[in-house]
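Colleague: I would like to learn how to read a model of this kind. Please take me through it one feature at a time.

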Amino acid sequence: MLAPTSSCLVDPRPGAWALGPATNGRRHRQARDLLADWHHRLAFAESALPMFITFVACMLAAGLNTLIHYEVLSALSDHLNTLHVPKRSKLLVVILATLVAHAVEMAVYGVAIYGLIAGLGIGGLTGSGGFSLETCMYFSAETYTSLGFGDISPLGPIRMIAGFE
């Protein structure tokens, strides 16, 4: 039943088992398919990594901005009654403190955008003015105040920050 062939035993019946080069060929195909699968997974991970880093940066910026806003409003709540100024002036203090808090929050997003683009090479900004920290701050203010995209637009994963802002 078993016929010896070039250094391997083969069962001559169709679809029967084999030892030797035929088995090695099947293992070679399985290994090749496994490597192709891992290559595909690695390519996906490399393409998803910038978006994941941007998501983490968005979460950190949003958390920091929430903390800034809370602390400013908490300090106003605690100390507003101790100010010896007319009531109208107290309202101006609240407005100015809130305005400063929002300006700092815009700066947090601007620095995050600059760090992601300049430091990590994730995404970019297109439009007038070229790339600089000033451009990132301007884009952040434009987005934060809901003016929308105008002369500067985000490219790549950086677009996620515009949505968070």
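Modeller: Helices (H or I, at least four residues) and strands (E, at least two) are DSSP runs, numbered from the N terminus. Here helix H2 is followed by Gly121, whose phi is positive, near 70 degrees. The model is predicted, so to speak of local features requires pLDDT of at least 70, and side-chain atom pairs count only at pLDDT 80 or more, while totals for chains, interfaces and linings use all residues. Residues are numbered from 1 along each chain as its sequence is written, and side-chain values use heavy atoms, with hydrogens and water left out.

Colleague: How many helices and strands does the protein have?

Modeller: The protein has 4 helices and 4 strands. Their pattern along the sequence is β-β-α-α-β-α-β-α.

Colleague: What span does helix H2 reach, and what is expected?

Modeller: The expected span of a helix is 1.5 Å times one less than its number of residues. H2 covers residues 87-119, 33 residues, and its first and last C-alpha are 47 Å apart, close to the expected 48 Å.

Colleague: Which residues of H2 are buried?

Modeller: Buried means under 20% relative accessible area, exposed over 50%, and partly exposed in between (1.4 Å probe, protein chains only). An α-helix has 3.6 residues a turn, so residues three or four places apart point the same way. The buried residues of H2 include Thr98, Ala101, Glu105, Val108, Tyr109, Ala112, Ile113, Leu116 and Ile117. Over the protein, 24% of the 165 residues are buried.

Colleague: Which residues touch the most other members of the largest nonpolar core?

Modeller: A nonpolar core is a set of buried Ala, Val, Leu, Ile, Met, Phe, Trp, Tyr and Cys residues joined through side-chain atoms within 4.5 Å. The largest one has 20 residues, and Ile113, Leu116, Leu125, Phe139 and Ile161 touch the most other members. H2 supplies the largest share of this core, 7 residues. Contact means heavy atoms within 4.5 Å; leaving out residues up to four places away in sequence, Leu125 touches Ile113, Ile117, Phe139 and Ile152, among others.

Colleague: Which residues make the nonpolar surface patch?

Modeller: Like charges are joined within 9 Å, and nonpolar side chains (Val, Leu, Ile, Met, Phe, Trp, Tyr) within 5 Å. Areas come from the Shrake-Rupley method with a 1.4 Å probe; for residues, only the protein chains shown count as cover. Leu49, Phe52, Phe55, Val56, Met59, Leu60 and Phe164 make a patch of about 650 Å². Helix H1 (residues 21-79) gives the most, with 6 residues.

Colleague: Why does Leu49 count as partly exposed?

Modeller: Leu49 counts as partly exposed because its relative accessibility is 47%.

Conventions: Patch = residues over 30% accessible without salt bridge, like charges linked within 9 Å, V, L, I, M, F, W, Y side chains within 5 Å. Salt bridge = Lys/Arg side-chain N within 4 Å of Asp/Glu carboxyl O.
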